[in-house]
Amino acid sequence: MSEILWAEKYRPKTLDEIIDQEDVVRRLKQFVRERNVPHLLFAGPPGTGKTTAALALARDLYGRNWRNSVLELNASDERGIQTIRERVKEYARTVSLSEIPFKLIILDEADNMTSDAQQALRRIMELYTATARFCLIANYPSKIIEPIQSRCAFFRFRPLNKEDVFSRLRYIAEKEEVKVTEDGLEAIWEVAAGDMRRAINTLQAAAALGTVTAETVFKAVGMAKPKEITEMLSLALKGDFIGARERLRRLMISYGLSGVDIVRQIHREIFGTRSGLNLPEDIKVELADLVGEIDYRIVEGADDEIQLSAFLAKLVLIGKRMRTGRTK
Amino acid sequence: MSVSIPWTEKYRPRRLIEVVGNKKAITELITWLKSWEKGTPKKKAVLLYGPPGTGKTTLVHVIASEFEYELIELNASDIRRSAELDRIITRAISIGSLFGRRGRIIFFDEIDGMSGTEDRGGLSKIAEIIGISRVPIIMAANDPWDPKFRTLRDMSLLIRLNRLNRNEIMRVLSRICMREGIKADPAALRLIAEFSEGDLRSAINDLQAIAQGRKMLTVEDVKGVLSRRNREHDAFTVLKLLFSAKTAEQAKAILSQSSLDYDMLFQWIHENLPYQYRDPEELWQAYEALAKADIYFGRIKRTQNWSLLSYAIDMMTAGVAIARKHPYHFVKYRFPQRILLLSRTREARRLRELVCERIAKQIHVSKRYASVEMIPLLKVIFCSNPKIGAKIAKALELNEDMINIITGDRRITKEILKITSQLEREERRESLKSSRRRPSSPLFM
């Protein structure tokens, strides 16, 4: 039903279908043969097949009714200790109904769990090993506390190489009867690199515009980016602080972007060759430093709108300096 | 509620006898205007001043129409346009029209709105016009004692409008209630009048906000609404004190004089900083201070170490106040828009959350990923290819409002809806046909 989004439609369903990450797949298949699984920790950059491998493992292990034996949670959405205590514990303690004597709990984006929640999780992992196995998925395994890491079998997922991404994209394009040019593929690689999900998403968006060429790819990517980011920056540089702040509010409230999302997009915009801001080199460096500081402050717990407003105020000043010709 | 004109407009006096209060000032103004009949008087301009809502604009309009003058009205933004100015100057130096009317009055309203630095040109333009004018000129301001008005003050006759007293305001309010068919408890009207502190406009606005569409008005109705305005009034005063503070100590003392709590005051400062500080240097320095205060607030929240609070307050009061390099200028402070926006967009944000939840579940990603990565992508598809968009919308079971969250464009949303309902009809027909043959799975795309 959801098969309409290609990233989902062409997600490998079984371990056999996964062509990359050979080491990982070989070890996982061994678990399936033994019908026993330790606690798992999957680590690696986005779009390298961590979630796919976890779901494929579940299917191979439990068969058709795999959903009855698997709890899938995304820790960035439910990162608090409350969820761990209630949902996970409740699920972990009840006995499995399948032939496999344990259930599988997939905790995606586990590195976004609070440390309190991780401590609670550690206890649950110990107490309910007989009835539940955990598969933790993380981009940054170092953000998982040591005691949990040491209880898990560790799997590292590597970014996909270009040939594998291209051959997958060609396969999908053929199935979907979409024309793809070579420079179209190169453009997707520029946008997504080894992130397969992003690559497929970009392919689908560009295909909605017609033949997938470098032009349609960049056009789709440009359309997906909120125009308010560039507007906000150029308004501030022109001296219109109030207009810039209004864009900022639109980004945060209407688009639902977090301060960190916006900070990262600003960073991309400063150095992006396609942004059209045309900043002098020394200003780019000065701004990068400033953006880094704002990023740190927000992650540390400061308020995003205030910190970004302060950043915009600085931009107004820099803009004035640029116009009057003083560099410092 | 249907679209309604503000009562302040609907019941604005048209005749002089309808104007309440300030009899002395009115007589003064009329005397000055009549003196023009005997030739150009010594003072060619009047600076009409007084707190907001005392009837400055109304009075000028009423007098002009009563004495048959043509009124040429300008506000701060008109004065910045030089083409506009030239037109006025030509009119100002020409003598009154020959067609019945006695002549023209040039009226510069809300000259406080012009800042001392940016619009210095504007203010001296006004002075220049007064110099060459052969027609009466009236200006209106809240605070005539601002140093930037010195030249204009010297050239003008100053006429002060006082705050209206409670009885005067009550008289206007009860007349409006009668015309609107509202049975109002005099005690309720007295309460509104008292809260307005002599500002008739705010009293009428309050009355409309509370009483429009009702048959009755009681004291209880009034009480709930007015407490909020009272807090706003307090915020105006506090901000004015803060932004005009001369020393760090003065600025620091301000919070203790306010009934606002510090985080509300923080939002007020944040909202109004760019209106108060127009100079980029000032604005940046003030925001640096505010951002530092915010960092302290973050640390307090994380560590629950409340002894840090005093540093945060230092930064947001003294830190913001000492950023000022130019003299204080009058600003009409605004209620923090962030708070308004958050409450106004609550429904849309809830819908967006639902859409994200649905996407997240379908494709095994977090709601955040759905929001930041998938919704923009779907927008591209929906807007550039509504046909495919419709299929996706159907698969995700999105309703009209949800589709609109993604497209952000009602027209495209409608188009997609048309296609989805068409798809559904075709599907029904297909399933009828195929029920006779073997069942087939629906084919997408």
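## A covered strand in chain A

Strand E4 of chain A, spanning residues 132-138, is mostly covered in this predicted model, with seven of its seven residues buried. The covering extends to both faces of E4(A): on one side lie Ala132(A), Phe134(A), Leu136(A) and Ala138(A), on the other Arg133(A), Cys135(A) and Ile137(A), and every one of these residues is buried.

E4(A) pairs with two strands described here, E1(A) and E3(A). Strand E1 of chain A (residues 40-43) runs parallel to E4(A) and is joined to it by four bridges, and within this pairing Leu41(A) has Leu136(A) as its bridge partner. Strand E3 of chain A (residues 103-108) also pairs with E4(A) in the parallel sense, here over five bridges, and Leu136(A) is again the residue of E4(A) involved, as the bridge partner of Leu107(A). Between E3(A) and E4(A) the chain passes through helix H5 of chain A (residues 115-127), which gives a β-α-β crossover that is right-handed.

## Chain A as a whole

Chain A contains 15 helices and five strands, and 54% of its 328 residues are buried. When contacts in chain A between residues at least 6 apart in sequence are considered, 73% of them join residues that are at least 24 apart.

Helix H9 of chain A (residues 196-207) has twelve residues and reaches 16 Å from its first C-alpha to its last, which is close to the 16 Å expected at 1.5 Å a residue. Because ten of those twelve residues are buried, H9(A) is largely enclosed by the rest of the structure. The buried residues include Met196(A), Ile200(A) and Leu203(A), and among them are also Asn201(A), Thr202(A) and Gln204(A).

The surroundings of H9(A) come from both chains: its buried residues pack against helix H1 (6-9), helix H7 (162-175), helix H8 (182-192) and helix H10 (214-224) of chain A, and also against helix H18 (367-384) and helix H19 (386-395) of chain B.

## The nonpolar cores

The largest nonpolar core has 74 residues, and within it Ile262(A), Ile269(B) and Leu273(B) touch the most other members. Leaving aside residues up to four places away in sequence, Ile269(B) touches Leu239(B), Leu242(B), Phe243(B), Leu290(B), Met316(B) and Val320(B).

In chain B, five strands form an open sheet in the order E2-E3-E4-E1-E5, with parallel pairing. The edges are strand E2 (69-74) and strand E5 (156-160) of chain B, each of which pairs on one side only, and the twist from one strand to the next averages 25 degrees. Strand E1 of chain B (residues 45-49) runs parallel to E5(B) and is joined to it by five bridges, with Ala45(B) standing opposite Ser156(B) of E5(B).

Helix H2 of chain B (residues 23-35) packs on this sheet and touches E1, E2, strand E3 (103-108), strand E4 (137-141) and E5 of chain B, its direction making about 155 degrees with that of E5(B). Helix H3 of chain B (residues 56-66) lies across E1, E2, E3 and E4 of chain B and runs at about 150 degrees to E2(B).

Key
Residues are numbered from 1 along each chain as its sequence is written. Chains are lettered from A and ligands numbered from 1 in the order in which they are written. This is a predicted model: local features need pLDDT of at least 70, side-chain atom pairs count only at pLDDT 80 or more; totals for chains, interfaces and linings use all residues. Side-chain values use heavy atoms; hydrogens and water are left out. Buried means under 20% relative accessible area, exposed over 50%, partly exposed in between (1.4 Å probe, protein chains only). Two strands pair if DSSP finds at least two bridges between them. A crossover is right-handed if, with the strands pointing away from the viewer, the path from the first strand over the helix to the second runs clockwise. A nonpolar core is a set of buried Ala, Val, Leu, Ile, Met, Phe, Trp, Tyr and Cys residues joined through side-chain atoms within 4.5 Å. Contact means heavy atoms within 4.5 Å. Axes are lines fitted to C-alpha atoms, for helices over the stretch in contact, and angles run from 0 to 180 degrees between N-to-C directions. The expected span of a helix is 1.5 Å times one less than its number of residues.
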